[in-house]
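Dear colleague,

I am passing on the structure below, together with notes on what was found in it. Please read the notes alongside the coordinates.

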Amino acid sequence: MSVFNSSGLYPRFLLTGFSGLESIYSLISLPIFLVYATSIAGNIAILFIIRTESSLHQPVFYFLSMLAFTDLGLSTTTLPTMFKVFWFHAREIPLNACLVQMYFIHVFSIIESAVLLAMAFDRFVAIREPLRYAVILTNGVIIGIGLTVTGRALALVFPASFLLKRLQYRAVNILSYPFCLHQDLIKTTVSSHQVSSIYGLLVVICSMGLDSVLLLLSYLLILVTVLSIASKSERIKALNTCISHICAVLTFYTPMIGLSMIRRYGQNASPIVHVLMANVYLLVPPLMNPIVYSVKTKQIRDRILKKFKKQKV
């Protein structure tokens, strides 16, 4: 068996689409293209509306801008290899390109998790301290939160790429998905990957694991605060401000948990199921977030309708 590492010739990595369905890739690529087009257009629209409407220059919409930018980054990171596989049947990807894609997929995923946590904090402050909302969440605080969540993601994922670069691989390595993920690359190694596996687990615990616990705590505090409000109509109004965010959280974490469960307990499941769950994990949040916020957030919805009316006139 031929073995390669970073000091010699580079190994070959082959991406995988829906095995056995190669003859209908042209049909499969159509809905994938529509998902990407809708995701990118939707998130650009959110960013454009918030940027151009001064009335939306508020903390909640700044966090929404972070979420839209993160979704845009996640979509554009996976798009090249997805279309390469489904449109051109070109599966090969160099090791360095695979590591770069893996790095940015996980960076944007960790950033999205942190942004959702920041948005939960925003909702807590808005409900608990409505009169001091703008005083607590100043532009400086928001910029600091944005830099912190970005810096954390960049710093956490970088060593994982470096550790994978040092491992040995077979001459030809078949990946499970049409994009590169850390846990998938580890499976292809022929050298000991214990350190890389442990570090990958620590990254998940210190990022999405910690964020999910703090998210639950935030909503517990929000619920306690809402229940302390005397007026029933005010309680409902306060909870309604959280609906869009709750949808975004469920859209992000549900596919991620589903993919983890499939990987852990679905060894006998069809490879198509694994690929489908991975695609849902990376494609659905960037697609659904702008749709949810456009429909459920009155300020965003009104601005979108206003833009359309102007175009018709």
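Among the elements of the protein chain, which has the lowest mean pLDDT and which the highest? Strand β1 (residues 3-4) has the lowest, at 52, and helix α3 (residues 95-128) the highest, at 96, where pLDDT is the predictor's confidence in each residue, from 0 to 100, and helices (H or I, at least four residues) and strands (E, at least two) are DSSP runs numbered from the N terminus. This is a predicted model, in which local features need pLDDT of at least 70 and side-chain atom pairs count only at pLDDT 80 or more, while totals for chains, interfaces and linings use all residues. Residues are numbered from 1 along each chain as its sequence is written, and side-chain values use heavy atoms, with hydrogens and water left out. The protein chain averages a pLDDT of 90, and 96% of the residues score at least 70. Where pLDDT is low, the predicted coordinates should not be read in detail.

Helix α3 has 34 residues, which at 1.5 Å a residue should span 50 Å, and its end C-alpha atoms are 49 Å apart, in agreement; the expected span is 1.5 Å times one less than the number of residues. Of those 34 residues, 28 are buried (under 20% relative accessible area; exposed is over 50% and partly exposed in between, with a 1.4 Å probe and protein chains only).

An unreviewed UniProt entry lists several stretches as "transmembrane region", among them residues 198-230 and 242-262; positions follow the numbering used here, feature names are shortened, and annotations may be inferred rather than shown by experiment. In the model, residues 198-230 are 91% helix and 0% strand, and residues 242-262 are 95% helix and 0% strand, with end C-alpha atoms 30 Å apart.

There is also an open sheet of three strands in the order β3-β2-β5, with mixed pairing, where two strands pair if DSSP finds at least two bridges between them. Three bridges join β2 (residues 12-14) to β5, and these two strands run parallel.

The whole structure holds six salt bridges (a side-chain nitrogen of Lys or Arg within 4 Å of a carboxyl oxygen of Asp or Glu). In one of them, Arg123 and Asp122 have their closest N and O atoms 2.8 Å apart, and both residues are buried. Asp184 and Lys187 meet at 4.0 Å, N to O; because they are three residues apart in helix α6 (residues 182-187), about one helical turn separates them.

Best regards
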